[in-house]
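Dear colleague,

I am handing over the structure that we spoke about, and my notes on it follow below. Please read them with the coordinates open beside you.

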Amino acid sequence: MTKIETKPIDGQKPGTSGLRKKTPTFRQPGYLENFVQAIFDGTGGAEGKTYVVGGDGRYFNVEATQIILKMAAANGAARVIVGQNGLLSTPAASHLIRLNETDGGIILSASHNPGGPEEDFGIKFNTSNGGPAPETVTDRIFARTKDIGAYHIIDADDVDLATFGERAIGDMTVEVVDPVADYRDLMRSIFDFDAIRTLFADGFTIRFDAMHAVTGPYAKAILENTLGAAPGSVVNGDPSPTFGGGHPDPNPVWAVDLMNTMMGEEAPDFGAASDGDGDRNMIVGRGIYVSPSDSLAVLAANATLVPAYKDGLNGIARSMPTSAAADRVAERLGVAMFETPTGWKFFGNLLDAGKVTICGEESAGTGSDHIREKDGLWAVLFWLNILAVRKMSVQELMNDHWEGYGRNYYTRLDFEGVPVERAEALMQGVRDRLDTLKGCEAGDCVVSNADEFTYTDPVDEGVSRGQGLRIWYKGGARAVLRMSGTGTVGATIRCYLEAFSATVLDDPKRLDPVRHATMELAEFERHIGRTTPDVVT
Ligand code: VG1
Ligand code: CO
């Protein structure tokens, strides 16, 4: 056992979802080690504890896993459950933490960010409920990174991560498990697999784009081998350390191949994609893209068709920038609706307290109380279960939904790689005028209200400030501005736009006035020199 002297390293503050940096940063001597030791120290030590460890297979995943195992052993952990070859999707890791009642887990992923020697890496700690550590915990971990003096690691050979079963490293047991098996059992316990199998047997076609990321093996095992989707339905299904050189980000921009297929003549009935670590989902029907906010609403509205939710929902939660489409469903169902800051960690308390059953974010994340992470394949299976029962196309289902509830038009504009000072100046410019914006006219819009979102957790009463600037316009449209907490270069400004119509259900220009008004009011041109975003979702 070796104690290695170290010094605090600047900038190890976890963001929206763990610590994300460029891979070379993570590979600097002591960088990963300091953070891992801070996780142990900030959570009362690893002595006698059990953990789950796994990642999305990106470059440095295996090396980092070996380091974590040696550090866990040196810190006195009793047992670590690892996915074969260090692979675990984020939802599968969350499930294993809960199933095995471990003390928590360490997930290696930068999610939708690209991977490779010069790209991004990330690490996240999940607590014993299977969910991302709440801010109180990440604050303690961060505090420890600032006064750390040493870390512990044993001097041992690398552990065989290729073969299933138990082995020892120091005094600790490492158990290498099939990353897919328990997760597949969980999905089988939630959905009507027979109905979905019949759907495929009757000729329903699907294209699932795993984007060279972790969900490939899961999707093949579940969709093709268990449910009978045609072989080859899962594309880009072999996890690659660089995700085939792309961004494993399931949106119309990065999953453009899938979009083109789904909009083409030969489109299958259903298309879906997932991100690097398997917690996000994109849903596309033949000729129709489903916005994540609408997807959440549709799942909630049809939840009782799924065996696990047949008795109804306790409540629904969405992140603040997500559209209010789900709110209309909650209202009709007569269940509670919660609005949280961005990031899955804020749903944990609501799920643990039984206040909500289904949660979602506009960024293609949906999930339920089956685990404590968002879950990409779960969302896909949920859709398939609904389509199998309702016997409609995606287009028909969406039309039916909008006719019943009205439509919350929605889009998100991302301005990436903005110099940090400029992004902060833009945000501060709006923040300084929150009180005076009311009544301001911009283009065809008039501001009816503006504020900065503060969240008070209804369970532990913890307060999170500065969670996004909100501008409402007369007539009900809304804009939200916030800075991304997952990027690794410069700043990304996200501008979220929403407008509701009860009767006009297909107007591609519906958001234009609120877009122009928001660009003008927030002075995008003056602060960052452009009003054209890099990515529109
Ligand atoms: C983004 C999304 C947010 C999501 C987070 C982590 O955060 O907007 O909704 O929870 O990524 O998802 P930000 O701070 O960049 O807006 V994942 O799949 O990257 O773990
Ligand atoms: Co993800």
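Which side chains meet in a salt bridge at 3.1 Å, N to O? They are those of E362 and R412, where a salt bridge is a side-chain nitrogen of Lys or Arg within 4 Å of a carboxyl oxygen of Asp or Glu.

Before the rest, some conventions: this is a predicted model, in which local features need pLDDT of at least 70 and side-chain atom pairs count only at pLDDT 80 or more, while totals for chains, interfaces and linings use all residues. Residues are numbered from 1 along each chain as its sequence is written, chains are lettered from A and ligands numbered from 1 in the order in which they are written, and side-chain values use heavy atoms, with hydrogens and water left out.

The domain assignment (bounds from an automatic or database assignment) divides the protein chain into domain 1 (2-179), domain 2 (183-405) and domain 3 (407-536). The C-alpha centres of domain 2 and domain 3 are 26 Å apart, and 28 residues of domain 2 are in contact (heavy atoms within 4.5 Å) with 23 residues of domain 3. Between them these two domains bury about 2100 Å², 59% of it on carbon and sulfur atoms; buried area is the accessible area (1.4 Å probe) that two parts lose on being put together, summed over both. Of the area that domain 2 buries against domain 3, M320, N349 and W402 supply 27%, more than any other three residues.

Three salt bridges are counted between domain 2 and domain 3, and the structure as a whole holds 31. Another salt bridge joins the side chains of E119 and K22 at 3.8 Å, N to O. This pair links distant parts of the chain, 97 residues apart, with E119 in the loop between β5 (105-108) and β6 (120-126) and K22 in strand β2 (residues 19-22); strands (E, at least two residues) are DSSP runs, numbered from the N terminus.

As for ligand 1, 20 residues surround it (a heavy atom within 4 Å), and the closest are T16, S111, S363, T486 and R494. An oxygen atom of ligand 1 lies 2.5 Å from a side-chain N or O atom of S111, and an oxygen atom of the ligand is 2.9 Å from a side-chain N or O atom of D279. G485 brings a backbone N or O atom to 2.6 Å from an oxygen atom of ligand 1.

Notes:
A polar contact is a pair of N or O atoms within 3.5 Å; within protein, one must be able to donate a hydrogen and the other to accept it, and residues adjacent in sequence count only if both atoms are side-chain atoms. Helices (H or I, at least four residues) and strands (E, at least two) are DSSP runs, numbered from the N terminus.
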